[in-house]
Amino acid sequence: MSFHEVQRLLHLMNVEMDQEYAFQLFQAADTSESGTLEGEEFVEFYKALTKRTEVYELFENFSADGQKLTLLEFVDFLQEEQKEGERASDLALDLIDRYEPSDSGKLRHVLSMDGFLSYLCSKDGDIFNPTCLPIYQDMTQPLNHYYINSSHNTYLVGDQLCGQSSVEGYIRALKRGCRCVEVDIWDGPSGEPIVYHGHTLTSRIPFKDVVATVAQYAFQTSDYPVILSLENHCSWEQQQVMACHLTEILGEQLLSTTLDGLLPTQLPSPEELRGKILVKGKKLRTLEEDLEEEEEEEELESELEREQEADPELEAQLEAEPQELSPRSKDKKKEKVVMCPLFCPPVCCEVVVQAPISKPGPLLFPKQRSKPILCPSLSALVVYLKSVSFHSFTHSREHYRFYETSSFSETKARSLIKEAGNEFVQHNAWQLSRVYPSGLRTDSSNYNPQELWNAGCQMVAMNVQTAGLEMDIYDGLFRQNGACGYVLKPDFLRDVQSSFHPERPISPFKAQTLLIQVISGQQLPKDNMSKERSIVDPLVRVEIFGVHPDTTRQETSYVENNGFNPYWGQTLSFRVLVPELALLRFVVKDYNRKSRNEFIGQYTVPWTCMQQGYRHIHLLSKDGISLHPASIFVHISIREGLEGDES
């Protein structure tokens, strides 16, 4: 490589270096004095180019000889800077064994500069605490105690009006960890239900294909339960087809009765529901009535068996007469629903008997209804997630049960948070809530999920096909806990007596002060790779999302013409009242004095999963794809209480 070619390479690597300094590095590497770099000469030039001065200075601060960190020196670093506490001694040995490149260094329990840099750039040196990556939370609490990764109109891969419906939407959602997917079902041709966004120009796909896709992909990413949120617009006949597809295709995966056959006192846990698919939808009766019917049917079967054993002629007599269905309610003196003897189309048919029947008897003619009613076979598949309309929090407390769930538009949910935030928190401590995007979001844009999480809403459904800030926040929360799709809510959002109000957070929640020193960046990509001569002018913005008083942002100044190894060395300070709900989003942008700054990369991390000390933040693209090796190097420090707060 000639020096001219090296200069061109530097442009491609997104760095503009002083020509004189670049030539000095070139000459130092050109040991053959040939005027070009070959083989090992280029390697030496690259090492000089990528030397991390800020890391070397940090290394020297703890190294007595500037050549290595002894075991005790490395332990001091882990305790003082990385806040590793009592585990620092054992951790130091493990990290040396993992990241020290030389065998002699491992034997002597020392860490070289190369090993130190390898550690800082690794998962152990990442801002995201590696102990939060696998399943680390208690998974035995009721479903309503968790945030649940949820998708809105999952079948759509584009906009809400003319977009394509595809099973690919379910594949993508389930693979990224969604545990609640939505299905809008309508009557289709040839008696087969179809899925699409009703009254729009979106394309249509068969319901059975959706069910088959869910069966195949439901548990590839996570073993924890999947919720099928059904929006049922079908006639009686096609509801029966729906029920048939669900039971036949899902088989043992489908939860069609309570786990133990008994009446529960709370929702089951994700752990108890591993490998199960739950149906969320309308239901004709209560769970209590369903279980009572099952018990009565078992008793009736036992009684008939005993009678048949005593009188063999009874079996033939019973087969010749129409049979009563089980009662609708606990009170046997109330109306009974029985089979129609006329075999008329069951779309609107209900048969009523005015008195209880102890044995088969005469039937009345059907009473016609004005609109289709729910098919019992489909209704029976809804167990723990019965959809009910929301009227008020008082009405829900007085009339609804823990297994009944309400849905709210984002507008309605926001309004309730402002009007009755504490009641919403208490409501979500015992019952599930689902929030969905406004109907005005025809472009499949998203809303900020954070304000709904602040009130404890579990299923905050997103248009997962649309990348952006909102999905960055969403993915940031669900990156923890094995990316299993369930994240345990803070304890004050699981208490039905909670005094927490998301709009007016007060003690006993402990406030904290966060200091972030943004030090440097490494190999930041260009926003537009086609512009060969364009060099980025990067800046770093730190955004905090949480309760309203905590939501803020600050940014560094920009570094001119250096995307390869920019240095900022600036400290940002934040005060946070409710750290348990906070998420931090680090965004790198390309400064543009004439227009909006261009997005380069981002990374979002929950406060509770953030490591203190010197940490690397490995950037992701707009679509959540790793931009390796692009990263920023920071120092994180958290102090109890607020700065200037004497208490």
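The structure is a predicted model, in which local features need pLDDT of at least 70 and side-chain atom pairs count only at pLDDT 80 or more, while totals for chains, interfaces and linings use all residues. Residues are numbered from 1 along each chain as its sequence is written, and side-chain values use heavy atoms, with hydrogens and water left out.

**Helix H16**

- Helices (H or I, at least four residues) and strands (E, at least two) are DSSP runs, numbered from the N terminus.
- H16 spans only 15 Å between its end C-alpha atoms, whereas a straight helix of 19 residues would span 27 Å at 1.5 Å a residue, the expected span being 1.5 Å times one less than the number of residues.
- A kink of about 115° is centred on Ala-420, the bend at a residue being the angle between axes fitted to the seven residues ending there and the seven starting there.
- Ala-420 is itself one of the buried residues of H16, which also include Leu-416, Ile-417, Gly-421 and Phe-424; buried means under 20% relative accessible area, exposed over 50% and partly exposed in between (1.4 Å probe, protein chains only).
- The buried residues of H16 pack against H15, strand E15 (404-409), E16 and H17.

**Aromatic pairs**

- The whole structure holds 26 aromatic pairs, where rings of Phe, Tyr and Trp (its six-membered ring) pair if their centres lie within 6.5 Å, and planes under 30 degrees apart count as stacked, over 60 as edge-to-face and the rest as tilted.
- The rings of Phe-393 and Phe-424 are a tilted pair, because their centres are 5.3 Å apart and their planes stand at 45°.
- Since Phe-393 lies in helix H15 (residues 393-399) and Phe-424 in helix H16 (residues 410-428), this pair ties together parts that are 31 residues apart in sequence.
- Phe-393 is buried at a relative accessible area of 5%, and Phe-424 is buried at 0%.
- Tyr-558 and Tyr-591 are stacked, with ring centres 4.0 Å apart and planes at 5°.

**Charges over rings**

- Arg-52 lies over the face of Phe-633, 5.3 Å from the ring centre, where a charge sits over a ring if NZ of Lys or CZ of Arg is within 6 Å of the ring centre and within 35 degrees of the ring normal.
- The charged end of Arg-204 sits over the ring of Tyr-196, 3.9 Å from its centre.

**Ser-444**

- Ser-444 is found in the loop between strand E16 (433-436) and helix H17 (450-453), and counts as buried at 1% relative accessibility.
- Leaving aside neighbours within four places in sequence, Ser-444 is in contact with residues including Gly-158, Asp-159 and Asn-463, contact meaning heavy atoms within 4.5 Å.
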